[in-house]
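Hi there,

Here is the structure I promised to pass on to you. Have a look at it first, and then read my notes below.

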Amino acid sequence: MKTFSLFIFLLVGYAQTSLAQKDSVVIPDPDEYDWSTHLYLGAPYINMSIGNYAQLKNALNRQGIDFGRFQANSMASYGFGIQRQRVKIGLEILYGFNSSYTSKKTATQTRLGFQAWSVTVGYGLVRQRNRQWFLNAGIGSQETRVNVYKTGTASSAPTVSFDNLLNSPTVGYSPTLLHQNTFLELSLEHTFRPKRPVSFNPVVKFGYRYGLKPKSWGSDANISFQNAPADRLNQFFVQSIFVMSKNHKKLTPAEKEARRKNREANTWGLNPQ
């Protein structure tokens, strides 16, 4: 599945680059657009992250549970941004789909997923006629969820009276483990420069998220852990995103004066001549 996801990501990235809007003699010069609003959409399998949860790994491994130090997740994302020449501000929401690993050796299965948001400020290091490269920095928060299951046969599962559902201990799987971390984000973003009033183009972004400080793992159940492992978020990500932009022209002094006079002369039909 991971190999297939990587293949799809590379294929879509190539298609985006091939199908992106090209220069034409009939389109306006990109310098005529002074600012833009962007809507970002990222689909699963073309957005990937790799996270490092070393302390959780060590704690689970000591219990005989296979859990890799690095966890790969496919992501979906959406966001909004405003760009004024070389400066861009953006908000992004991310959802990391569950990645699972089943170990026949230890008869266990682990699943990890996450939700995150971030606010970033970007600066255009390169602004050519066609291409733009932005360096983005920001801050955000991520909640990571982990579940651990025993994969024994149904006959080995405990029998629980339904009348005592909330009073009986559950054997065979863990409560959902939660890890919440505020992080700093740094990324490099490549996009095509808009050349139309409304444009649709691809964006490719490479980045890294790093937790401000280690945070202990907790649970969504009514449980307080003792000696819980503490991890600091370490996450690399690659995103291939589609962006729809509304682009606004930079008005010349003559155009600004014409717009002002038009507004002054407009009576909205209240005083027809």
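Predicted model: local features only at pLDDT ≥ 70, side-chain atom pairs only at ≥ 80, totals over all residues.

Val204 stands opposite Ser240, a residue of strand S12. Strand S7 (residues 177-192) runs antiparallel to strand S8 (residues 198-211), with 9 bridges between them. To get from S7 to S8, follow the hairpin of 5 residues.

Now stay with S12, which covers residues 234-249 and includes Ser245. Is Ser245 buried or exposed? Ser245 counts as buried because its relative accessibility is 4%, and the cut-off for buried is under 20%. Its side chain makes a polar contact of 2.6 Å with the side chain of His38. If you set aside neighbours within four places in sequence, Ser245 touches Thr37, His38, Pro197, Val198 and Ser199.

Finally, two loop residues to look up. Most residues other than glycine have a negative phi. Tyr45 is not a glycine, yet its phi is positive, at about 75°. You will find Tyr45 in the loop between strand S1 (33-42) and strand S2 (47-52), and with 36% relative accessibility it counts as partly exposed. Ala107, also not a glycine, has a positive phi of about 55°. Ala107 sits in the loop between strand S4 (87-103) and strand S5 (108-127), and at 26% relative accessibility Ala107 counts as partly exposed.

Happy exploring!

Note on methods. Residues numbered from 1 in each chain as written. Heavy atoms only, no water. Helix = DSSP H or I, 4+ residues; strand = E, 2+ residues; numbered from the N terminus. Buried < 20%, exposed > 50% of the residue type's maximum accessible area, 1.4 Å probe, protein only. Polar contact = N/O pair within 3.5 Å; in protein donor to acceptor, adjacent residues only side chain to side chain. Contact = heavy atoms within 4.5 Å. Pairing = 2+ DSSP bridges.
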